[in-house]
Amino acid sequence: MIILKDIKKSFNKSQVLRGINLKINRGEVVTILGPSGSGKTTLLRCLNFLERPEAGIVQIGNIQVNAKNATKKDMLSVRKQSAMVFQHYNLFAHKTVVENVMEGLVVAKKVKKKDARMISEKVLEKVGLSDKLHFYPSQLSGGQQQRVGIARALALNPEVILFDEPTSALDPELVGEVLSVIKEIAQEGITMVVVTHEMSFAKEVSDRVLFMDGGVIVEEGTPWEIFHAPKEERTRRFLQRISGESFFAPLKEQVN
Amino acid sequence: MGKVFDPLLIIEFLPTLLHYLGVTLEILAASIFLGLIIGVAAAIPRLFKIPFLNQLVILYVSFIRGTPILIQLFLVFYGLPAILMIFDIDISKLEAIYFVIITYAISNGASFSEIFRGAIRAVDKGQTEAAYSVGMTSTQNFFRIVLPQALRIAFPNMANSVIGSLKDTSLAFSIGVMDMVGRGDTLISATAHALEVYISLSIIYYAVVLLFEKIFNKLEKHFNRYQSADISVAA
Amino acid sequence: MTIDLPFIWIAFKEIIKSLPTTLILTIVPLLVGFLIGIIVALVRIYKTRFVYQAANGYVSFFRGTPIIMHIMVIYYGIPLLVDQVSLKFNLNIQSSKIPIILFVLTALSLAAGAYLSEIIRSGIISVSTGQLEAAYSVGMTKLQAMFRIVLPQALAQSVPNFTNTFVGFLHTSSIAFLVSEKELTGAANIVASTNLKFLEAFITAGIIYWGLTIIVEGISFLLEKRVTSYSRGGVS
């Protein structure tokens with residue numbers, strides 16, 4: 001269970017988040033859509049205090065923190081409730097695949113190395129990388145690296161997994177393998193908050209879709225509500241633009 | 001006899017020592033100037049892979065970078081007169097300061113040649129390709145496109161080299177040059193207050209280095225005025 | 001010009017006896033300087049209150065002044081300090097009994113600390129922030145993230161710079177000759193003055209330093225290859 005109350009954040013005098021209120025239930029898959037600059041990535045990063053809000057309350061599970069007077073210990077304990085999958089994977093470059101997945105377990109959750117290894121190997125099997133355990137990130141493709149990133153988050157068994165545009169940096173032909181892994185996890189009942197441009201994901205797998213623009217949540221609802229019956233003008237305009245682009249994509253392929 | 005350590009002396013010594021800062025800076029300027037000429041001359045065989053000269057320069061640079069400056073000072077001090085004797089030139093009465101300038105010029109020349117070589121190679125090949133594609137000759141390309149950009153790339157390393165050379169000049173006194181440190185030595189003989197003299201000298205060196213760094217920073221900003229600013233990460 | 005070539009071999013055998021001293025004067029300051037360097041680099045990166053400015057001043061001063069000055073100030077200053085303290089607290093320490101090499105090592109260590117802290121600091125900065133964020137996102141504390149994720153990569157990438165510093169301090173050890181330490185250059189000077197063969201003696205010393213430099217650079221080349229092998233990619 002995640003609760004955000006009145007979250008505000010500015011960068012250099014421009015307000016990026018203007019008072020966000022949000023509640024996410026256990027097992028929900030929430031997708032956040034919006035144009036660039038809308039604050040969706042900042043919002044996600046506030047959930048694990050990679051960005052520190054100026055005001056507001058962040059609660060994940062049983063841990064609640066008031067952003068204004070949050071101590072380092074507070075932020076750390078909230079952070080341990082979640083795990084993040086990054087746009088640029090951010091795998092630990094100097095560690096092998098299995099070491100990458102084990103690292104958080106051993107260091108942050110104080111799991112014994114043997115147990116951590118067992119958990120890691122299981123999770124890596126789940127994402128289809130059992131044969132790459134001792135490879136280094138530099139030896140893997142983007143899609144493989146991202147799957148390791150997902151495994152790393154899964155292994156920690158957090159209250160929620162945060163996805164920051166997980167497929168945006170991937171070559172088109174690699175997007176599919178990563179999306180199917182994410183969809184599988186979503187179907188297993190893990191709480192997820194996903195910032196993405198992949199509309200298919202938002203439509204097929206989310207329980208709820210949020211549309212953000214200019215630092216506020218403009219509209220939220222089920223995928224059906226948002227995509228077929230958007231109430232707000234801004235939402236409609238955004239969806240038109242997106243679908244317009246996807247309208248041209250198949251045409252472009254024909255021309256080429 | 002006075003106090004064992006008198007902080008006031010540090011200040012008192014400053015003018016006396018500053019009087020000889022000029023000598024130190026002269027040595028620096030002369031050795032940098034000559035070093036630039038040597039550096040360019042040495043970079044050319046390396047860049048154009050001229051046989052034999054190329055290997056000679058590689059050896060020269062390797063030796064200079066492989067030996068302490070103090071050893072180089074002694075080698076020039078004892079070796080140069082010996083070599084010139086073969087041609088019946090007698091420089092045994094030459095003042096020490098010239099040996100020092102020659103040594104530092106040779107040393108700087110090696111560093112500069114490596115810096116130039118690296119900078120020229122660092123200029124994006126695409127620039128040269130673009131130059132050829134608009135019809136420039138290789139000479140025009142070199143002087144109008146590559147060289148200006150190479151100078152910009154080389155600048156920080158050159159600045160560091162100059163500051164390093166300034167610090168190296170502090171060793172010139174070991175073969176009897178009357179520069180700032182040399183004057184400091186005579187002050188020590190006269191007053192037996194070595195600590196104060198060396199603290200005073202350190203202050204002067206530090207001040208000059210800070211001044212150089214400020215000037216070089218300004219120059220670097222000027223050279224880089226056409227570079228793009230860093231792209232900041234969006235929300 | 002007549003160079004007494006056979007003498008170079010005689011000189012070599014005599015001068016090389018002082019190699020251990022040179023190596024001590026090189027390696028000890030670098031080891032101590034490395035510890036100082038990590039602490040100072042972290043202080044400067046985290047901008048720890050009160051000490052941050054001192055750290056900046058330390059690095060700026062020691063990199064902005066010639067090492068001969070450091071040696072001389074410590075050489076003349078510490079004995080004075082020791083004598084004053086000894087007098088005040090009635091300890092019976094005589095500064096004249098302290099071996100000179102300790103002063104030299106202290107000065108060189110302080111200088112090494114400043115230079116190495118700059119290398120470590122720029123190495124840390126060059127590790128992409130994504131690594132740090134990933135470390136935080138799996139629940140590591142600042143210290144854990146720094147020592148387990150950032151520092152290892154920073155040090156691996158800094159091997160060439162460390163090598164340059166090593167070679168630099170190998171050469172700097174020759175300055176100890178000016179305070180009568182018998183390292184390679186000092187030994188060369190003795191051989192030179194005793195036999196009145198200055199050129200030959202210093203050519204020999206030069207060759208020894210040159211050889212050492214080449215060996216160090218060779219080792220570093222292999223070390224760098226091994227230590228950064230994780231980033232070389234290849235198979236997929």
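How many helices and strands does chain C have? Chain C of this predicted model has 10 helices and 0 strands; helices are DSSP runs of H or I with at least four residues and strands are E runs of at least two, numbered from the N terminus. Residues are numbered from 1 along each chain as its sequence is written, with chains lettered from A and ligands numbered from 1 in the order in which they are written. Local features need pLDDT of at least 70 and side-chain atom pairs count only at pLDDT 80 or more, whereas totals for chains, interfaces and linings use all residues; side-chain values use heavy atoms, without hydrogens and water.

**View 1. Extent and contacts of chain C.** The C-alpha trace spans about 70 × 60 × 25 Å along its principal axes. Among contacts in chain C (heavy atoms within 4.5 Å) with a separation of 6 or more, 78% join residues 24 or more positions apart.

**View 2. Surface of chain C.** Of its 236 residues, 49% count as buried, meaning under 20% relative accessible area (1.4 Å probe, protein chains only). The chain exposes about 11,300 Å², by the Shrake-Rupley method with a 1.4 Å probe, and carbon and sulfur atoms supply 68% of this area.

**View 3. Helix H3 of chain A.** Helix H3 (residues 97-107) of chain A is largely enclosed by the rest of the structure, because 9 of its 11 residues are buried. Among them are A:Asn100, A:Met102, A:Glu103 and A:Leu105. Their cover includes helix H4 (113-126) and helix H5 (142-155) of chain A, together with helix H7 (142-157) of chain C.

Notes
Buried means under 20% relative accessible area, exposed over 50%, partly exposed in between (1.4 Å probe, protein chains only).
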